[in-house]
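Hi everyone, thanks for coming along.

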2 protein chains.
Amino acid sequence: MAETDGRAGRPAPRKRADARRNEQTLLDAAARVFVASGVEAPVRDIAAEAGVGMGTIYRHFPTRADLIIAVYRHQVEACAEAGPALLASGLAPHAALTRWTDLFVDFLVTKHGLAGVMRSGNPGFEGLHEYFLDRLLPVCAQLLEAAEAAGEIRTDISAYELMRGAGNLCVGIEDDPDFDARRMVGLLTAGLLRPLTG
Amino acid sequence: MAETDGRAGRPAPRKRADARRNEQTLLDAAARVFVASGVEAPVRDIAAEAGVGMGTIYRHFPTRADLIIAVYRHQVEACAEAGPALLASGLAPHAALTRWTDLFVDFLVTKHGLAGVMRSGNPGFEGLHEYFLDRLLPVCAQLLEAAEAAGEIRTDISAYELMRGAGNLCVGIEDDPDFDARRMVGLLTAGLLRPLTG
DNA sequence: GAGCATACGGAGCGGCGTTCCGCTTCGCAA
DNA sequence: TTGCGAAGCGGAACGCCGCTCCGTATGCTC
């Protein structure tokens, strides 16, 4: 919330060298642990992997969510930027929306358990939920509006619902070979299409 | 699994009176606690509400899932029976499927957190997932097949995926007034419809 | 080099699910 | 009615978790 404080002056007093080093070490260690054990891995494991104490993690990343956000920031950014790009690519809006949703889902399913943790009301992860929404909701909304404006889809579904729905569909995929989240999200976007019959 | 043992003879040695009493007490207490705090309520709370010790719960219901199953058995049964009834009611198969899905979703969303816990891979709840599948999957499959046979819907979605998808969409609804699970599941079933265009 | 703000480590707290075992109670048989 | 083995009970205790707190160590500045 008050990370860089934004406002006047330069209140960030520059971190100590060992602190900056540790932060990077933690990010690397967390990334490794997330791949190996999923994003729900015990904080202790991450601390151990990084060779630091518990306190160090919590000082750099006050909540688990902050750590996860930091680890995946780049990829979320890429997903956010893909939205406008797809719209500008000449694809029909609904097709662009579908493609973008696929990207979003791919991002989620390739991170063990990220989806499960991203849903709202999951204690300790509210910040993650918020971050995803802040960053990706406008993108999704833009795609949705374009498709609505083109008359391709129904207008009673909000961007939030679509993202939340797609996210939910990706929960708990890792240990279930019989469930293809991508196809189900495809069903969801297909369901958006305005029925041709009256 | 080996509850009544099914097989020959009568190996169930009839329970003691106090045991039967306690089982009922527990069921009632659990139902109350589930309503008040959701199905993820601490086992201790249920024990306290029932006025029994921890051991008593675990003896009667070896896993949390067993307790939940016992509490909701009637309602699951009703949902299962609604499937054939809807098909026989003269509704078009896809309409019947949609209605049934609504019933299923209603059942899930009216129980705090049931959906979240029903997904596979949730430690301590595997049995619950299994039970829902055993009981409701055939029903869903029957509805799906009828709609497929009528040529109303696409054929590349399995009953399991549909149920799992609907279930997933209901996860974490309780604290999110902006997300209408019923409408999203409606999108899913609408997406099943065979597109009228080539 | 001295002194202090900054950062570190990990013991410790409270909450969870689950197990285990000494004690109590039931109900059958004598 | 009484005695006794088995069935059932309660809750302390264990291990795992996220998270906090504070005595100690370290980097930075003067």
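Here is a question to begin with: which polar backbone atom is 2.9 Å from a base oxygen of DNA strand D? That backbone atom belongs to B:Gly55. I call this a polar contact, which is a pair of N or O atoms within 3.5 Å; within protein, one must be able to donate a hydrogen and the other to accept it, and residues adjacent in sequence count only if both atoms are side-chain atoms.

Before going on, a word on how to read this. It is a predicted model, where local features need pLDDT of at least 70 and side-chain atom pairs count only at pLDDT 80 or more, while totals for chains, interfaces and linings use all residues. Residues are numbered from 1 along each chain as its sequence is written, chains are lettered from A and ligands numbered from 1 in the order in which they are written, and side-chain values use heavy atoms, with hydrogens and water left out.

Let's look at one chain first. Chain A has nine helices and zero strands. Helices here are DSSP runs of H or I with at least four residues, strands are runs of E with at least two, and both are numbered from the N terminus. The C-alpha trace of chain A spans about 65 × 50 × 30 Å along its principal axes.

Chain A splits into domain 1 (15–62) and domain 2 (64–192), with bounds that come from an automatic or database domain assignment. The C-alpha centres of these two domains of chain A are 27 Å apart. In chain A, 15 residues of domain 1 are in contact with eleven residues of domain 2, where contact means heavy atoms within 4.5 Å. About 1100 Å² is buried between the two domains of chain A, and carbon and sulfur atoms give 69% of that. Which three residues supply 47% of the area that domain 1 of chain A buries against domain 2 of chain A? They are A:Phe34, A:Val39 and A:Phe61. Buried area, by the way, is the accessible area (1.4 Å probe) that two parts lose on being put together, summed over both.

Of the atoms of DNA strand D that come within 4 Å of the protein, sugar and phosphate account for 55%.

Two residues of chain B reach phosphate oxygens of DNA strand D: a polar backbone atom of B:Gly53 at 2.9 Å, and a polar side-chain atom of B:Thr56 at 2.5 Å. Which element gives the most to the surface near DNA strand D? That is α3(B), with five residues. By class, this surface near DNA strand D has nine nonpolar, seven polar and nine charged residues. Ala, Val, Leu, Ile, Met, Phe, Trp, Tyr, Cys and Pro count as nonpolar, Asp, Glu, Lys and Arg as charged, and the others, Gly among them, as polar.

A base oxygen of DNA strand C is 2.9 Å from a polar backbone atom of A:Gly55. For DNA strand C, α3(A) gives the most to the nearby surface, with five residues.

Finally, how do the two chains relate? A rotation of 180° with 0.0 Å of shift along its axis superposes chain B on chain A, with an RMSD of 0.1 Å. The two copies are therefore related as by a two-fold rotation axis. In chain B, the C-alpha of B:Gly191 is nearest the axis, 1.8 Å from it. Copies are superposed by least squares on the C-alpha atoms of residues with pLDDT of at least 70 in both.

The contact between them takes 31 residues from chain B and 31 residues from chain A. About 2700 Å² is buried between these chains, 59% of it from carbon and sulfur atoms. On the chain B side, B:Glu161, B:Arg183 and B:Leu187 lose the most area to chain A, together 22% of what that side buries. And 100% of the interface residues of chain B are also interface residues in chain A, so the copies meet through the same surface.

How values were computed:
Near = heavy atom within 4 Å.
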